[in-house]
Protein chains: 2
Amino acid sequence: MNFSSEILEQAVEEISKLPGIGKRTALRLALHLLDVPIIQTENLTKALSNLVNEIKHCKICNNLSDTDICHVCSNIYRDDKIICVVEDIRDVMAIESTHQYTGKYHVLGGKISPMEGISPADLCITPLLKRIKEQKVEEIIFALSATIEGDTTMFYIYKILGDTDIKFTTIARGIGIGEELEYTDELTLIRSIQNRIPYHQNIKKD
Amino acid sequence: MNFSSEILEQAVEEISKLPGIGKRTALRLALHLLDVPIIQTENLTKALSNLVNEIKHCKICNNLSDTDICHVCSNIYRDDKIICVVEDIRDVMAIESTHQYTGKYHVLGGKISPMEGISPADLCITPLLKRIKEQKVEEIIFALSATIEGDTTMFYIYKILGDTDIKFTTIARGIGIGEELEYTDELTLIRSIQNRIPYHQNIKKD
């Protein structure tokens, strides 16, 4: 690209470092910011600065939080005995928006992935083990992606804790509500037949 | 979305004000910034602040520039007698990257569009007229999009200047190099037949 302005070039360069944003989109965004009132850009830069400088990880569950202890961990009405292990804050947000889960969370901050060079040491696993040891945890729900990395991570944690009397569960894998059978992939279909549930249980759940 | 952090929510809110970026993408970008070294976010916010606070419009051609007079206008080796009228800096960048055009530019900053409420007064037209009056301009090349708005803008400027002895040209409309005839739209095809050029001229140009 043949920029007439170094300031613009610099801005495009920095914006295009964001994932999924190429040089062309970055230029479009930069020119958009020049079109809108300057206060919008000031709000944006302030929000980004705040984000990286002031956000904290909850000291108990490792979720992103404005305070040292997040609002789920500090909520005394939530069940301490059930911990739902998830990958990141997006999973917490997804489960929270169902308004059905009343236990606590533990955010690993990723999945074990040798391909991407993420080892168990890079994840927030030790604090989870400590938590389980100190609290009377009765159930660990693994709510990780149904991928090899997710399964590896589950297996790793399960192996460490396997000899305790904690109940380990994973969220159900199967056909999504409203999904058509013919478009479901084979593996999901196989699993959903293997893990079939009694019909009356299904009715009760709905 | 069910955010656990107001700081994060604020950042997502501001990022999603950018065109083409929804809440989900904004969240992905915000979480990405939390993953990368803090210096990257600092560079980004600094570049954006610089962009909106320090970039200038060239006092002659209205192009974006770091200085009062842009590098094209201040280049004494470029032909003052030809002015290429474009919509915005992206068009200047596209033409400059061909390294073939040696005249000057004039950036309108948009096109006349009653639908979007953009009138001639919103565009940088008066300085263009002033420039033409003061300099010995011999040719105006309209390099605007081949849309109704582009055509309207061209016609508007042409009507004002029509009684001068300036030569008015538009960039050629036709089949792009490497484009297949069968996929070209009808209007382009009609125009390219109407404005056909002698074969020897075509050879010379290549």
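Over all chains, the count comes to 15 salt bridges, a salt bridge being a side-chain nitrogen of Lys or Arg within 4 Å of a carboxyl oxygen of Asp or Glu. The model is predicted, so local features need pLDDT of at least 70 and side-chain atom pairs count only at pLDDT 80 or more, whereas totals for chains, interfaces and linings use all residues. Residues are numbered from 1 along each chain as its sequence is written, chains are lettered from A in the order in which they are written, and side-chain values use heavy atoms, with hydrogens and water left out.

Three of these pairs may be examined in turn. In chain A, the side chains of A:Lys17 and A:Glu14 form a salt bridge, with 3.2 Å from N to O. The two partners can be described by their relative accessible area, for which buried means under 20%, exposed means over 50%, and partly exposed lies in between (1.4 Å probe, protein chains only). A:Lys17 is partly exposed at 39%, while A:Glu14 is buried at 5%.

In chain B, a salt bridge joins the side chains of B:Arg78 and B:Glu96, at 2.9 Å from N to O. B:Arg78 lies in the loop between strand E2 (64-65) and strand E3 (79-86) of chain B, and B:Glu96 lies in helix H4 (residues 89-96) of chain B, so the pair ties together parts that are 18 residues apart in sequence. Helices (H or I, at least four residues) and strands (E, at least two) are DSSP runs, numbered from the N terminus. Both partners are buried: B:Arg78 has a relative accessible area of 13%, and B:Glu96 has one of 12%.

Chain B also holds a salt bridge between the side chains of B:Lys104 and B:Asp80, at 3.2 Å from N to O. This pair links distant parts of the chain, with B:Lys104 in strand E4 (residues 103-107) of chain B and B:Asp80 in strand E3 of chain B, 24 residues apart. B:Lys104 is buried, with a relative accessible area of 5%, whereas B:Asp80 is partly exposed, at 38%.

Attention now turns to the place where the chains meet.

On the side of chain B that touches chain A, the elements giving two or more residues are helix H1 (6-15), helix H2 (23-35), helix H3 (38-54), E2 and H4 of chain B. H3(B) gives the most to this side, with 15 residues. The residues of this side divide into 25 nonpolar, 17 polar and nine charged. In this division, Ala, Val, Leu, Ile, Met, Phe, Trp, Tyr, Cys and Pro count as nonpolar, Asp, Glu, Lys and Arg as charged, and the others, Gly among them, as polar.

The contact takes 51 residues from chain B and 51 residues from chain A, where contact means heavy atoms within 4.5 Å. Together, chain B and chain A bury about 4,800 Å², 74% of it on carbon and sulfur atoms. Buried area is the accessible area (1.4 Å probe) that two parts lose on being put together, summed over both.

Most residues other than glycine have a negative phi. A:His99, however, has a positive phi, near 60°. A:His99 is placed in the loop between helix H4 (89-96) and strand E4 (103-107) of chain A, and it counts as exposed at 64% relative accessibility. B:Asn62 likewise has a positive phi, near 75°. B:Asn62 is found in the loop between strand E1 (56-57) and E2 of chain B, and it counts as buried at 17% relative accessibility.

Finally, chain A carries an annotation from a record. In an unreviewed entry, UniProt places the feature "zinc finger region: C4-type" at residues 58-73 of chain A. UniProt positions are given in the numbering used here, feature names are shortened, and annotations may be inferred rather than shown by experiment. Over residues 58-73, chain A is 0% helix and 12% strand, and the end C-alpha atoms are 8 Å apart. A further UniProt annotation from an unreviewed entry, "domain: Toprim", covers residues 81-176 of chain A. Over residues 81-176, chain A is 32% helix and 20% strand, with the end C-alpha atoms 28 Å apart.
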